[in-house]
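Open the model in your viewer and follow along. Each stop tells you what to select and what is there.

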Amino acid sequence: MGLLSFIAKRIGLYFVVLFIGLTITFMLPRLMPINPVDGYIGQLQSRANGTLTSEAIAEMRVTLEQLYGLNGNVFVQYVSYLKRIVFSFDFGPSFTYYPQPVSAMIMNALPWTLGLLLTSTVIAWTLGNLVGLVAGYFHKKKAASILEFVGILLYPIPYYILAVSMLLLLAYIFPIFPLSATFPVGQMTPEKFGMIIYNSLLPGITLVLAGFGWNILSMKALTVATTEEPYVVYARLKGASNWTRMTRYVFRNALLPQVTALALSLGMVFNGALLTEMIFSYPGLGLVMRTAANGGDYNVLYGAITISIISVATAGLVIDLLYPLLDPRIRHK
Amino acid sequence: MIRLNDLKVSYRIGNRVIDAVDGVNLTIPDNCIVGIAGESGSGKSTLMKAIYGDIQQPMYLSRGSIDYGLKGTDGKPVTTANIGKEWFKTVSYIPQSSMNSLNPVIRIREQFIDFPGTDSNKKRVLERARQYIGKLGLPPEAMDSYPHQLSGGMRQRVMIALATFFQPELIIADEPTTALDVVVQKEILMLLMELQEQMGNTILVVSHDMGVHYQVTHKMLIMYAGRVVEYGDTESVFADPQHAYTRMLIDSLPTIGDDSMRGVMASAAGASGDRAYDAQPVLVEVKPNHFVAQSTAAKTLVAGATL
């Protein structure tokens with residue numbers, strides 16, 4: 001019963017978060033002092049050296065307002081905005097790549113971003129936890145402090161410096177990976193798939209290295225604290241082996257806060273996407289967002305923001321729903 | 001019969017050495033419950049750790065030895081060096097913080113089999129454990145529960161079940177009832193006494209509660225500043241305490257309608273005080289089976305107290 005109401009509450013919260021997110025995305029452009037329609041018309045007018053007639057401009061204004069969903073008062077706009085997004089996942093067309101729909105652009109870019117960033121975040125988390133567990137469990141041994149040192153060394157390096165250094169080292173000085181990777185599009189074939197994996201390795205390794213250090217340090221601290229817990233001491237006095245204590249006692253308990261940390265870092269995936277995809281010219285959502293921001297392509301920008309809100313909220317939901325599997329205190333209330 | 005021969009247990013902290021147990025000579029007979037009392041820092045827990053064989057940095061045995069007089073599961077005599085293999089089989093332990101001593105994320109039944117037992121067939125062990133906890137007043141479903149689903153009393157029964165499951169010769173109970181309310185406390189103590197009678201083994205009970213000692217133990221050991229100040233049959237110790245410190249402990253039991261606590265605390269200051277109160281105390285048998293630490297200093301205290 002407790003579990004069911006936990007799940008129901010969590011899913012309810014998920015929809016509330018989505019609703020608030022969508023509302024804010026709707027309000028933001030309307031709070032801006034610039035009107036994108038005026039801006040666009042001004043641009044066209046100057047390109048045409050002021051030869052556009054006022055009828056043509058009025059006609060264009062109607063078309064553009066339709067494209068932006070600016071018909072009617074704010075409330076009507078809001079309702080139709082929610083309808084378009086919830087029922088048909090429609091953000092309107094892109095302006096830079098008119099008439100390509102924004103949703104199609106996002107759907108093309110999203111698998112790239114999720115594939116690279118989710119994978120590397122999860123790998124960094126898993127490796128960091130394992131190394132941190134060993135470093136923490138044997139924290140009195142010298143060899144274990146070397147493991148911790150890896151974390152201390154990696155953690156404070158800013159991501160962009162790490163990324164540029166890796167690119168310099170592994171693509172320029174030692175050209176193991178391509179300096180500017182190409183990612184084939186279209187029908188997937190085994191060769192293409194191999195090429196994508198190979199070209200994704202360098203950004204992937206960089207992301208893993210960047211996330212790895214924090215996970216080591218965090219897990220190490222949690223492990224050290226957990227080894228002092230009475231139930232771990234008791235397990236030792238029971239004669240339980242080091243392996244049993246480390247895996248079933250310390251790891252299972254120290255993992256719980258780390259799962260929350262994973263949910264938070266999955267939420268940061270889109271932050272990472274922007275820099276990673278710029279540095280490694282990787283064709284994901286980050287690159288789409290950057291192009292849109294440069295070109296004033298509002299529809300694409302808000303589409304990308306909406307999709308990040310949905311993804312972050314979903315990642316949090318999935319992790320929270322996994323939590324009862326790991327902690328029986330939530331499962332059996 | 002367990003014999004401690006001039007046992008000295010120390011902690012090395014930096015360059016400092018602290019003798020937490022300082023020259024204890026003691027014979028603990030078989031088939032009895034021995035209570036150990038003394039204030040915090042008197043060395044009770046260190047003595048228990050040393051007897052249990054849980055000797056880890058920075059703690060070490062600096063002098064003396066322990067003769068367990070027990071045979072392990074492999075038939076060899078138990079010594080300080082090999083006692084780790086006998087944990088929960090020949091020698092077992094009921095912890096102080098029993099409330100937090102069960103792993104919160106795994107079921108009770110898994111905590112019955114996640115250490116090397118006497119039988120490698122885990123299923124058979126579990127079947128026996130399920131029957132066994134029934135005898136200890138626990139429902140069989142308790143085996144499939146997580147610790148947070150059990151009450152404090154049930155958890156302590158689980159701890160006792162774990163500690164007594166392999167019928168050990170010696171059980172060390174470190175304040176086994178501290179975290180429990182008085183009703184549950186009594187049930188748990190009765191259970192311990194019953195089990196001891198059935199198994200005919202030795203239980204060492206550390207407690208601050210003199211009432212617990214009076215009800216449960218056959219023999220009493222009073223420790224002060226790392227030394228034994230009095231050791232004897234519980235009835236005799238309570239009826240006629242020889243050492244001023246023992247008297248203070250017994251007198252500190254509150255009695256209804258008695259408001260003389262202030263006087264007791266004042267004499268406590270006299271009994272404690274300097275740690276080097278006594279160079280080498282010798283246990284003197286004042287009555288049959290009733291020993292008290294005596295030397296010049298202690299004698300004056302005892303004499304002063306009796307006069």
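Start with helices H12 and H13 of chain A: they cross in a left-handed way. Left-handed means that the near helix is turned anticlockwise from the far one by less than a right angle. Helices are DSSP runs (H or I, at least four residues), numbered from the N terminus.

This is a predicted model: local features need pLDDT of at least 70, side-chain atom pairs count only at pLDDT 80 or more, and totals for chains, interfaces and linings use all residues. Residues are numbered from 1 along each chain as its sequence is written, while chains are lettered from A and ligands numbered from 1 in the order in which they are written.

Select residues 285–295 and 298–326 of chain A. The axes of H12(A) and H13(A) come within 8 Å and cross at roughly 145°. Axes here are lines fitted to C-alpha atoms over the stretch in contact, with angles from 0 to 180 degrees between N-to-C directions.

Now show the side chains. H12(A) brings Leu285(A), Val288(A), Met289(A), Ala292(A) and Ala293(A). H13(A) brings Val300(A), Leu301(A) and Ala304(A). Two residues are in contact if their C-beta atoms, placed from the backbone, lie within 7 Å.

Next, colour chain A by domain. Select 2–88 for domain 1 and 108–331 for domain 2; the bounds come from an automatic or database domain assignment. Their centres, taken over C-alpha atoms, are 34 Å apart. Each domain gives 14 residues to the contact. On the domain 1 side, H1(A) supplies the largest share, eleven residues.

Last, show chain B. Here 17 residues of chain A touch 20 residues of chain B. On chain A, select helices H9 (230–238), H10 (242–267) and H14 (328–331), which each give two or more residues.
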